[in-house]
Amino acid sequence: MAEIERMGERFVIDMLKKDKIPVFLPGETEYERSVANANLLYRFTRPACVVQPKNVGHVQTTVKEAKDRGVPITIKCGGHSYAGFSATDKGISLDLLNLNRVKIDVQSNTVTLQGGALWGHAYKQLVNNRMNGFIINGGRCPTVGVGGFLLGGGLGPFTRSFGMGCDTLKEITIVTADGNKVTVKDTDNPDSTKGRLFWALCGAGGGNFGVVVEFKMYLQKLSNKDGSVVAGRYTWFPKSDKERTNKTKDKLMEKFMDTMNGFYATAWPEQVTIDTSWICDLKETSSELAVRFLVYYDGIKKDFEKLIVDKLGADKAENGGGKLAEQLARRSMSEKSTRFLHETLVSQWSEETIKAFPTDPTFKLYSSFVFKNDLERIKKITSIIREEMAVFKSRFAGESGLLQVTWIHSGGKASRKDRSASAFRWRDGVYQTYIMLDWKEKWMEGEMRAFLRAFKDKLRPFSIMSSAAFINFPDAVLSSGTAEKTYYGNNTKNLRLVKQQWDPDNFFKWKQGIKLPQTAEKTPAKAKRRSKTSAVPPIPAEAFNAFNMSAGASSASLGAGDAFTINALGATERDYDRRDGLVEGDSVSSDDESPVDEQKLTDELATAQWETFTLPPARSLMNLGSRGVLGLTDLGF
């Protein structure tokens, strides 16, 4: 079987080369550069070849040839998948890095982005054209790929102001499993096959239905007239009196916890986004933990300062809300939006940006949750985080490692739509939160996995549906069926029907991908091969209705200003009510973890790729961590 697969791969490689499509093999510079990974857990993922198409025609040919020979394709845009899903051990790695053009059309109020563009490419267009006051509803890190971000829903610094990234999409062009180029739009009839595909791509599009080669988005406009943004960064090392006086009760840390609980439970206006990261660095001994705050405010500095004081209080005692408000106001500044995109946004996320480069790789594990922010829930969550950070410090004392829990502030305008408005489901979550473990010693992997598993088990009950997670912060150990429910909840069944329409042979298949409906999965192999040239089969609208309609429910518009009307796909489903968002048809799932291959812990092969890797363009990254301000130019944009 393996030899047959290799023969198929060799045939496809030869065919693509004949068509002058860029193909690179192991040992070639572009291959090694493409497969190099910043996460050492995926350091040995080596596909048969790397294909770097230069146009949409190249993508179409690659898909047709690969499908005809049964050679799997793994799509890579920015390569930032936390679970290594943009890397592969077999078949073709379809690296879209050459498809990176971005064009802004002010007249139509749109921006067109090719499928391989990074957010830095998009932001640089705003900067170069001095378009102060305009925002592209993209990601926080400039090196993140446009494709993976938008197709997973897209949580950006202005999601609370403008909605999810996918909410601002106008058109999507995709190469489907039959090799055809298809454009779907927000204006397509939601009952049509194209309308359903557009719905599915807005939150579940990554690697499930085809290769997205182009996006068209609506430009957004900041509310303040001078086109400025208030932004800042503050890292808080809370004081402790237990360390100084050996008292049993640490009143200062209790005040810190009260301040953070009140902070998370606050109903912030939609113009405000404040991300936070709880940090436990094994090298840091001066404080029990640290919290990093990243501020984005669509407004003026004076209003921001007043808002912060009003919401956090006036207690300026050590670790009090007033003290925190004072620092957030002091360390935030108003600046033109283009300068914010060019410098401040880059420096705010500099640690994460540098970690994404394979120049200094480490081992990393992730898991995510979706939290609401009622006070009692928040108290339990933060208490668990603090306790687990203490366990982490004790268990790994003397080692080098990092535990980080990042709360991405969401909700706001994104939560105005029903959960079924797009494939991205968890709109009513206020914080999309993820755990990251980072370490360098290979022997620690088993213990880190065990620690994360115990940590997850404690936090999971507080996530929506007792299982919800965000696909853009994936957990690699979830089984396929568990992953679908975890990422998409009640949207899963509709997504499977869309899959059946557009990829009936399940060519775009990956570990946590959308599966076919159970009846379709039993299609005989011969019928599957014949279907690759057939037309997209229609699915009756009533089939979609059946999954989202409850007794007495009727179709309803999303309201004025929304991109399209949900009826067959959505019905009226204001379903975040019972059991923390658990609704009829939802089921509570548990983490179904796959066993760890112990051989990976000791495998020492293929390390030469790290010696041959250079980041294009040739810019030094040696001083990025120590500089006060980073810009898009430092990252090669």
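At what angle do helix H4 and helix H12 pack, and how far apart are their axes? Here are some notes on that and two other spots, bearing in mind that this is a predicted model.

1. Helix H4 (residues 119-128) packs against helix H12 (residues 337-348) at an angle of about 135°, and their axes are 8 Å apart. That angle makes H4 oblique to H12, and the crossing of the two is left-handed.

2. Next, cysteine 49, which sits in strand S2 (residues 49-51). Is cysteine 49 buried or exposed? Its relative accessibility is 2%, so cysteine 49 counts as buried.

3. Leaving aside neighbours within four places in sequence, cysteine 49 is in contact with Ile13, Val23, Phe24, Leu25, Tyr31, Gly91, Ile92 and Ser93. Take glycine 91: 42 residues separate it from cysteine 49 in sequence, yet the C-alpha to C-alpha distance is 6.9 Å.

4. Finally, have a look at strand S16 (residues 363-371), where 9 of 9 residues are buried. Both faces of S16 are covered, with Phe363, Leu365, Ser367, Phe369 and Phe371 on one side and Lys364, Tyr366, Ser368 and Val370 on the other.

5. S16 runs antiparallel to strand S18 (residues 431-439), and 9 bridges join the two. Among the pairings, serine 368 has tyrosine 434 of S18 as its bridge partner.

Definitions and conventions
Residues numbered from 1 in each chain as written. Predicted model: local features only at pLDDT ≥ 70, side-chain atom pairs only at ≥ 80, totals over all residues. Heavy atoms only, no water. Helix = DSSP H or I, 4+ residues; strand = E, 2+ residues; numbered from the N terminus. Buried < 20%, exposed > 50% of the residue type's maximum accessible area, 1.4 Å probe, protein only. Contact = heavy atoms within 4.5 Å. Axes fitted to C-alpha atoms, helices over the stretch in contact; angles between N-to-C directions. Parallel < 35°, antiparallel > 145°, perpendicular 65-115°, else oblique. Left-handed = near helix turned anticlockwise from the far one by under 90°. Pairing = 2+ DSSP bridges.
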